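Me: Could you take a close look at the aromatic side chains in this model for me? I'd like one connected walk through them, please.

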Amino acid sequence: MKKIIIGKYPHLLHGGDYNPDQWQDCPEILKEDMRLMKAANCNEMTLGVFAWSSLEPQEGEFDFSFLDKAMDDIYAAGGRVILATPSGAKPVWMAKKYPEICRVDENGIRSGAGGRHNHCNNSPVYREKVRIINEKLAQRYKDHPALIAWHVSNEYGNSTDVTECYCDNCKKAFIEWLKNKYKTVDNLNHEWWTAFWSHTFSSFEEIDPPSFNTDMAINGRNLDWKRFISDKYIEFLSIETEPLRRITPDIPITTNMMEMYTGIDYREMAKSIDFVSSDNYPVWKNDESDIDTAVKAAFFHDYMRSLKFKPFIMMESTPSIVNWHNYNKLKRPGMHALSSLQAVAHGSDSVLYFQWRKSRGCSEKLHGAVVDHYGKEDTRVFCDVKELGARLKKLDEIVGTVTNAEVAIVYDVQNEWALGGAQGYSNIDKKYQQTLLKFYKPLWKRGINADIIGVNDNFDNYKLIIAPMLYMVSNALEKKLCDYVARGGTLVSTYMLGIVNENDLCHLGGLPAGKLKEVFGIWNEETDTLYPGETNSVSDNSGKEYFAVDYCELIHTAGAVTIATFTSDFYSGYPAFTLNRFGKGKAYYIAFRDRGDFCDDLINKLINDIGVRSAVSFALPSGVTAHSRTDGENTYVFLENHNKSEVSINGDFCFGNLETGAKAENFITLPSVSVTVLKDINRGK
Ligand code: GLA
Ligand code: ZN
């Protein structure tokens with residue numbers, strides 16, 4: 001069954017951020033944009049991002065003329081509009097008149113006008129101004145045929161200057177948030193363990209936000225502050241969406257998320273929007289690092305899709321270069337289509353760009369765009385875009401198809417907050433995300449769909465759950481993991497499992513927390529953190545050698561079978577990898593960080609043992625991956641060739657090429673740096 005996210009226009013979207021507000025004195029350019037939009041095979045424009053000073057040039061004086069014209073013109077040219085609310089950048093007049101909308105840094109310095117994504121979320125004035133402008137936009141365009149979705153604000157959290165606000169409004173809101181959570185200050189003192197260093201609070205009013213000026217030693221407070229910041233973004237989002245939902249109940253709402261950004265709990269935020277949208281700016285270097293870049297991008301797309309378990313919109317990507325990498329390298333031929341269709345393979349129902357036309361001045365004037373300052377269509381980038389647009393038209397039946405995954409990786413941003421804030425292990429970098437990718441890459445190489453799930457998601461849909469470095473485990477999560485294995489699931493976890501509870505208090509009575517010791521049949525006594533470059537060696541029962549880096553845990557079995565042991569240093573002979581049968585399931589514990597080869601062998605073995613299906617029935621050559629989407633009847637397979645050379649594959653398969661209609665039976669050739677989209681004729685579902 002399909003899940004259509006934009007019901008009013010169920011097509012693959014191709015277009016992007018368009019700023020006619022910057023070109024009001026150039027009517028010929030605005031006219032040319034409409035011609036070029038059609039020529040580029042685009043069908044969508046995202047309007048209004050950062051347009052507040054054009055829409056409301058002075059307080060209470062509104063001017064929608066540029067937007068009226070753009071909406072009409074785009075529709076007349078056959079396009080549709082995702083309309084942004086303008087709160088991503090506040091007008092100068094507003095910041096001057098109401099300084100309270102500007103953030104205050106931890107030293108008490110209030111920022112001035114300008115920048116972007118830097119308003120105070122708890123400012124009553126800003127909230128009210130946003131409500132007014134959003135209501136006006138909704139009223140004005142509610143019946144406009146071009147309007148297909150709302151894009152609220154832009155990249156919440158991506159501040160140009162002060163990332164968190166310490167103003168009085170925010171301090172008060174933090175205290176209210178704490179009162180609501182803990183009810184009594186005694187309770188808070190207990191959960192934050194404040195007798196440590198004489199940190200006991202005698203009232204909620206004494207509590208400041210954590211900062212290097214107060215102190216960062218109360219881990220529970222640091223964690224709650226992050227939760228508070230995240231919650232207030234989500235609350236702010238709900239202020240923005242209230243008029244939109246009331247006035248345009250049928251127009252779906254999104255806000256764009258920023259790859260692996262950790263300042264907001266996106267899983268929580270996703271509950272307040274109708275569909276997820278995201279940015280996508282991989283750093284392609286045209287060298288061997290591109291495979292890891294592809295793996296990272298794939299993981300991120302899967303994460304976005306798994307936030308609502310339905311297709312998402314890739315809201316921004318660059319048609320050529322960005323301007324904010326240290327070195328802004330061009331995408332090589334083929335890479336534009338590959339990078340874009342990779343997102344579609346993982347669940348995007350769009351390829352949208354930042355930006356349609358290069359701005360003439362200011363900091364993004366050298367950022368890539370579909371239309372260059374040159375202004376014409378005979379450029380390499382424009383041709384790439386046009387060609388991809390033509391391909392997307394032929395792939396339209398993909399829209400709304402879903403991804404079925406039998407494997408999930410647990411990625412919990414709150415766990416990342418707690419782990420990142422813990423003093424201990426390595427204080428340079430705990431490498432949580434990199435570790436997740438080590439487990440994800442073997443799946444990617446084998447063409448296996450994976451969901452990236454949170455600790456509150458349903459576990460029962462998966463044959464295999466991989467939960468590395470799950471440091472923060474509440475009692476509820478402990479039980480959920482036990483139940484999953486008891487009912488027959490296969491669970492893989494690693495060092496640092498179940499060290500603290502949801503308020504960052506350490507679990508007592510041995511690690512990992514509570515009953516997890518029984519589930520894994522082990523207990524963990526100590527953790528050795530290795531210096532960079534140092535290794536320990538690990539050998540499995542068949543004699544195969546691996547290297548441990550960064551972390552080695554000194555665990556003891558208590559029911560589990562040892563499959564691999566450490567072979568050097570004073571803990572030589574200690575278990576390094578174990579298996580325990582618990583209830584109807586299996587629990588694997590990895591007591592060390594490996595260099596990637598161990599993860600690869602393990603995942604390979606597990607998917608064979610458990611019978612996890614790949615998107616294709618044949619072995620994938622190196623540098624080639626496959627992912628699938630389905631409408632419940634048909635399976636669509638995306639074969640990506642990341643190699644710089646053509647690759648041919650033989651096997652027992654029968655595909656129809658979705659673009660050309662050609663049949664590929666038992667043999668297929670994949671051009672270099674390409675994506676081939678196929679319908680699986682053999683397999684059906
Ligand atoms: C972000 C922003 C855009 C633009 C691009 C540049 O994603 O949302 O406004 O600044 O980066 O890559
Ligand atoms: Zn504030």
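Reply:
**Aromatic pairs and a cluster**

Y546, F566, F570, Y571, Y574, F577, Y588, F592 and F598 form one aromatic cluster. Rings of Phe, Tyr and Trp (its six-membered ring) are paired here if their centres lie within 6.5 Å; planes under 30 degrees apart count as stacked, over 60 as edge-to-face and the rest as tilted. Do keep in mind that this is a predicted model, where local features need pLDDT of at least 70, side-chain atom pairs count only at pLDDT 80 or more, and totals for chains, interfaces and linings use all residues. Residues are numbered from 1 along each chain as its sequence is written, and side-chain values use heavy atoms, with hydrogens and water left out.

By the ring rule, the count comes to 35 aromatic pairs. One of them joins Y156 and Y233: the ring centres are 5.9 Å apart and the planes stand at 50°, so this pair is tilted. It links distant parts of the chain, 77 residues apart, with Y156 in the loop between β4 (147-151) and α6 (168-182) and Y233 in helix α8 (residues 219-247). Helices (H or I, at least four residues) and strands (E, at least two) are DSSP runs, numbered from the N terminus. Both Y156 and Y233 are buried, meaning under 20% relative accessible area (1.4 Å probe, protein chains only), with exposed over 50% and partly exposed in between.

Next come F618 and F653, whose ring centres are 4.9 Å apart with planes at 50°, so that pair is tilted. F618 sits in the loop between α17 (597-610) and β21 (624-630) and F653 in strand β23 (residues 647-657), so the pair ties together parts 35 residues apart in sequence. F618 is buried at 9% relative accessible area, and F653 is buried at 2%.

Notes: Chains lettered and ligands numbered in written order.
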